[in-house]
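Hi,

Here is the structure I said I would pass on. Have a look at it, then read my notes below.

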Amino acid sequence: MTDAATVDGTTHADKHTPALEVHGVRKTFEADNAPVRALRGVDLTVEHGTFLALMGPSGCGKSTLLNLVAGLDVPDEGTIKVAGEEVTGSTEDELARMRRRHIGIVFQFFNLLEGMTVLENVALPAIIAGRKRKAAETRARDLLDLLGIGDKVSAMPGVLSGGQRQRLAIARALANEPTLLLADEPTGALDSAGGQEVIELLSRLHSGGQTIVLVTHDSDVAAVADTVLKMRDGRIVANDAEVNKGAAEGVTAIGTL
Ligand code: ADP
C-alpha cells in the first residue's frame, strides 16, 4: 500500500490544477548487485503557493524524490505531474521544455557557472528558453535586485560569500518564473549567517506566492515552511504530529504504512 499526503496551500486559489501531483512512485537502484528500494510508493499533492519541506534521515529517499520531480531521473512505477504536465513518459524534448517552463532547481553546492558573471548566470536559462538577450538580462537584473545582490551583476561568482552564492543560484532558478522552486539542502554548505540569508529569502519568496519544495536537515529551514513532511525508508510518513505542523493550519496529510 502507498502513502498519501495532500498539502493544501491557500494562495493561488484560482489555479485548480495542483502544482505537483505524485502518484504511486517507486524507484529501485541496483548497487553492488543488491537492489536499493529508494522509493517504495509515494503519493503527494502540492497546491500552488505551498512551501513544503521534506525531512528525514539520510538515505530515506528525499533526494531521489526531488530528482524525479525535477525530471532528472525516471521512476520505475508511478506518475509525476507538474502543473498538470507529465514529467514521466515524456520524450526528451518534451521533458526539457517542461523543465524549462515549470522547474527551477537549487543544489547544496550551488552549481554556478564560475566563468560567467553574476548577470550572465541568471540570464542564461531565459536565453536558452528562447528569450531575447536584452529581455533576459532585464529580468535577471530585476531578480538580482529583488534577491539583494543587484550590486554584484558584473562580479564573478567566486568573489561572493556563501549566502550570496546561494542567493545567486536561487535567482537563476527563478529566471523562467517556474511553477516549482525545488531545493536540495539549500543551506547545507553554508555557515549560519549564510544559511539565515537563504532562509529569509525563501520565506520572502513564499510570501510572494512562490511554490517551494525542498529537502532539508536544517530545522531552521523547516521552521519557515508552511508544511513539513517526514520521509522514512522510501515513504512519506504522514500524520507525524511532531513534524507535520501544517496539520494544525488546515493542511491534510493522510498516510497508511
Ligand atoms: P536522502 O536524500 O534521503 O539522503 P537518497 O534519495 O539520496 O536519500 O538515497 C536513497 C537510497 O538510494 C540510499 O540508500 C542511496 O544510497 C540510494 N541511491 C540513491 N541514488 C543512487 C544511485 N544513483 N545508485 C545507487 N543507489 C542510489
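**The hairpin and its sheet**

Strand 10 and strand 11 form a hairpin with two residues between them, and Asp233 in the turn has a positive phi of about 50 degrees. Before going on: this is a predicted model, where local features need pLDDT of at least 70, side-chain atom pairs count only at pLDDT 80 or more, and totals for chains, interfaces and linings use all residues. Residues are numbered from 1 along each chain as its sequence is written. When I say helix (H or I, at least four residues) or strand (E, at least two), I mean a DSSP run, numbered from the N terminus.

Strands 10 and 11 run antiparallel and are joined by three bridges; Met231 has Ile236 in strand 11 as its bridge partner. Two strands count as paired if DSSP finds at least two bridges between them. In general, strands of a sheet pair through backbone hydrogen bonds, either parallel or antiparallel.

So which order do the six strands of the open sheet have? The order is 7-8-9-4-10-11, and the pairing is mixed. Strand 7 (103–106) and strand 11 (235–237) are the edge strands, each pairing on one side only. On average, neighbouring strands of this sheet are turned by 25 degrees against each other, direction ignored. That uses axes, which are lines fitted to C-alpha atoms (for helices over the stretch in contact), with angles from 0 to 180 degrees between N-to-C directions.

On its other pairing, strand 10 (residues 227–232) runs parallel to strand 4, with four bridges between them. Leu54 stands opposite Leu229 in strand 10.

**Lys230: buried or exposed?**

First, the cut-offs: a residue is buried if 20 or more other C-beta atoms lie within 10 Å of its own, exposed if 12 or fewer, and partly exposed in between, with C-beta atoms placed from the backbone. Lys230 belongs to strand 10 and is buried, because 23 other C-beta atoms lie within 10 Å. Strand 10 is mostly covered, with five of its six residues buried. Lys230 and Gly56 are 174 residues apart in sequence, yet their C-alpha atoms are 5.3 Å apart in space.

**Around the ligand**

Gly56 turns up again among the residues around the ligand, which also include Phe29, Ala31, Val36, Lys62 and Thr64. A residue counts as near a molecule or strand if its C-beta atom, placed from the backbone, lies within 6 Å of it. Strand 2 (20–31), strand 3 (34–46) and helix 1 (62–69) each supply at least two residues of this shell. Helix 1 gives the largest share, three residues.

Helix 1 is largely enclosed by the rest of the structure, because six of its eight residues are buried. Among them are Lys62, Thr64 and Leu65. After helix 1 comes Gly71, with a positive phi near 75 degrees.

**Helix 6**

Helix 6 (residues 192–207) has 16 residues and reaches 22 Å from its first C-alpha to its last, close to the 22 Å expected at 1.5 Å a residue. That expected span is 1.5 Å times one less than the number of residues. Its buried residues include Gly195, Val198 and Leu202. Just after helix 6, Gly209 takes a positive phi of about 105 degrees.

Happy browsing!
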